[in-house]
Amino acid sequence: MSEPPPPPPPQRPDPPSSQSSRPAEVHPSHAPVTADRPGAVRRWRVATALTAALGLALSGTVYLVMDRRVENLEDDLAAAESRTDLGDLLDLMEGLDLGELLDDGADALGDEGLGDGGGLGTEDLGVDTAVFECLAPGMTDLNSDSIPDTEIEEQVRAVREIVESERGLSADGELDIEFVPADELQRRVVEMSEEDLDAEAIAVESRMLATLGAVEPDLDLAQAQLDALGEGVAGFYNPDTQELVIGSEQMDPMGTYVTAHEMVHALADATFGLPDLDTLASDEGSDAALAALSALEGDATLYGQMMITTHLSLTDLLTLELESSGTTASLDALPHYVERSLSFPYLEGMSFACHAYLDGDWAAIDDLYAQVPTTSAQILFPERYASGEEAQDVRDLDGPDGWQEVHRDTFGAADLLFLLEAPGGDENAALDDALGRTEAWAGGEVTVWDRSGDTAVGVVLAEHPDGTDLCDTVREYYGAAFPDAASTAEDDGRHVFDGPSQSAVIACDGIDEVALGIGPDIDIASAAIDVPAGEADTAR
C-alpha cells in the first residue's frame with residue numbers, strides 16, 4: 001500500500017558491458033529533457049535524489065563524522081602538546097582548519113555541543129549502529145582534495161572515477177549529465193508528475209488512508225506529494241534516456257553528493273539492469289515494489305554517504321547538511337504516513353544496504369539486483385531477507401453486499417509501521433516500540449469498497465510467530481487513532497469501535513490472522529472482513 005518516491009523504470013534489455021571509464025559528457029545548458037513520467041501515486045519510473053530524505057540521513061552522519069574527527073583531533077593535539085616543537089602543533093592546526101571546524105561545528109550543534117566526554121550516541125541521532133560501522137572508515141580517512149577545483153567537466157570525471165573505483169561499478173561510454181538550476185529541476189519534476197496523475201487512483205488512496213486514520217479526509221494527496229517532490233528533489237536519473245539531471249549549476253557539496261548518488265543508479269543500470277518495478281507493483285503488490293526500490297535507493301544513499309564522508313571536508317559536510325536540512329520542511333508539512341512512505345527507501349533502505357555491505361562488501365549489494373527483497377519486512381528486518389522469508393498469504397475478502405471493490409493491494413510491514421508511529425496522524429500518540437510491534441507482521445492485504453461515495457476498508461494481517469500480540473496492537477492503534485469511538489469487547493470475539501463518522505470491527509482467529517473492518521456502521525464494518533455481526537471467530 002505504501003507509495004514511495006520515484007524509482008527506476010523497467011529494466012532495459014541487453015545492458016552494455018561495463019569495462020570502460022570514459023569521461024562523462026556534461027551539458028550545463030537548460031535544454032528540455034525527454035523523460036518517462038512518474039505518477040503522483042505510483043511513481044515507479046525515475047530514480048531521484050529526494051533532498052529532504054537525504055538531509056535526514058545526513059543529519060546523523062555529519063554529527064557522527066564531526067564527533068569522530070574532533071575526537072581524533074583532540075588526540076592529535078594532545079600528542080603534539082607532548083612534543084616541544086611548537087611548529088608541529090601549528091602545522092597540525094593549520095592543516096585541519098581548526099578554527100573554521102570548531103566555529104561551524106558550534107553553529108550546527110547549538111548549545112548541546114558534542115556531549116560530555118563520550119561523544120554523540122547513535123541512539124540519540126537515530127542512526128542505525130550498522131550504518132555507523134559502514135561509515136566509520138571515511139570518518140577519519142579524509143581525502144578532501146580528490147575533487148579538483150577546476151572546470152565542471154573535470155570535476156564530473158573525478159567523481160565518476162571515485163564512484164567506479166570505490167563502488168566497483170563501471171560502464172562503457174559517456175554518462176549524459178545535465179546540470180540545471182534547482183528551480184528548473186523542480187519544474188521538470190512537477191511537470192512530469194502532473195502529466196501522469198491518475199485522479200481516480202489518488203482519490204481512492206486518500207479515502208483509504210483517511211479511513212485508516214493516517215491522513216485528514218480533506219487532504220489533497222496529489223498536491224501534497226507534488227509539493228514535496230517539487231521542493232525536495234535534487235536530481236534524477238532516467239534509465240529510459242540514460243540521462244542524469246542534477247539540480248545544481250556547480251560541483252558544490254550538494255552537487256557532488258547528488259551526482260555520486262545518481263551515478264550509482266546509472267552505473268548499476270548499465271552493469272546489472274534495473275528491476276521492473278512497475279511489473280512488481282502490478283503483479284506482486286506495492287509492498288514488493290517498495291522493497292525493491294528501497295534496495296536500489298539504499299545502495300545509492302549508502303554509497304553517497306560513504307563517498308562524502310571521505311571526499312568532502314568537514315566544512316563542506318556541514319554546509320551540505322545545513323542546506324539539505326532546510327528542505328526537510330517539505331516533508332515536515334506532509335502527514336506522517338505520506339512523509340514516511342517518501343523517506344523510507346532512502347533511510348531504511350540505507351540501513352538495509354549497510355547490513356548487506358557488512359556481510360559481504362559491495363558484492364553482497366550487487367547481488368541485491370539479481371535477487372531483490374520482496375517485502376518491506378525484509379528491509380526492516382534484514383535477517384528475513386537473509387533467510388528468504390516471504391510474505392504469508394492471507395484470505396481474500398469478498399466485502400459487503402452491494403458495494404463495489406475499487407482497490408486491492410498488499411499491506412506491508414512498512415504500512416503497519418507508519419500507522420503505529422502516528423495513530424490519527426499524531427506522532428505524539430505513537431504506540432510504544434512501534435518497530436518491535438511491527439515484527440509481528442508476516443503478510444497482509446488491504447481492500448477498499450465504494451457505495452455511492454461511502455467507503456469501507458478491510459485489512460487482513462498474518463501474524464508472525466516471533467512477534468508480539470498483533471491483535472492487541474491493532475486494537476490499541478485504532479483506539480489511539482479514533483479516540484472518540486466507543487470501544488466494546490464482544491462475547492463472540494469481536495472488538496467493536498462505534499464512532500461518530502465510522503465504525504470498526506477487529507476479529508482475531510486466535511492463531512495466525514487479524515482482520516480489521518471499517519465502514520459507516522458496525523454491520524458494514526463486519527461485512528468488510530466477511531464476519532457477520534455476532535458470528536466472529538474464536539475470541540482471544
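Modeller: Axes are lines fitted to C-alpha atoms, for helices over the stretch in contact, with angles running from 0 to 180 degrees between N-to-C directions. Contact means heavy atoms within 4.5 Å. Helices (H or I, at least four residues) and strands (E, at least two) are DSSP runs, numbered from the N terminus. Keep in mind that this is a predicted model: local features need pLDDT of at least 70, side-chain atom pairs count only at pLDDT 80 or more, and totals for chains, interfaces and linings use all residues. Residues are numbered from 1 along each chain as its sequence is written, and side-chain values use heavy atoms, leaving out hydrogens and water.

Colleague: OK, why is H6 called oblique to H10?

Modeller: Helix H6 (residues 152-167) and helix H10 (residues 253-272) pack at about 55 degrees, axes 10 Å apart. Under 35 degrees counts as roughly parallel, over 145 as roughly antiparallel, 65 to 115 as roughly perpendicular, and the rest as oblique. So H6 is oblique to H10.

Colleague: And what is the handedness of the crossing of H6 and H10?

Modeller: Right-handed. Residues making the contact include Val 156 and Arg 160 of H6, plus Ala 260 and Met 263 of H10.

Colleague: What makes H15 oblique to H18?

Modeller: The axes of H15 and helix H18 (residues 413-421) cross at roughly 135 degrees and come within 9 Å. That angle is left to "the rest", so H15 is oblique to H18 too. Among the contact residues are Tyr 337 and Phe 344 of H15 and Phe 418 of H18.

Colleague: Which residues have the most contacts inside the largest nonpolar core?

Modeller: Leu 302 and Leu 516, in a core of 115 residues. A nonpolar core is a set of buried Ala, Val, Leu, Ile, Met, Phe, Trp, Tyr and Cys residues joined through side-chain atoms within 4.5 Å. Helix H15 (residues 336-370) gives the largest share, 15 residues.

Colleague: How do you know where this core lies relative to domain 1 and domain 2?

Modeller: Domain 1 (47-65 + 141-387) and domain 2 (404-528) both give residues, so the core lies between them. Those bounds come from an automatic or database domain assignment.

Colleague: Does Asp 484 count as buried or exposed, and why?

Modeller: Buried means under 20% relative accessible area, exposed over 50%, partly exposed in between (1.4 Å probe, protein chains only). Asp 484 has 67%, so it counts as exposed. Its place is the loop between helix H20 (470-481) and strand E9 (486-489).

Methods. A crossing is left-handed if the near helix is turned anticlockwise from the far one by less than a right angle, and right-handed if clockwise.
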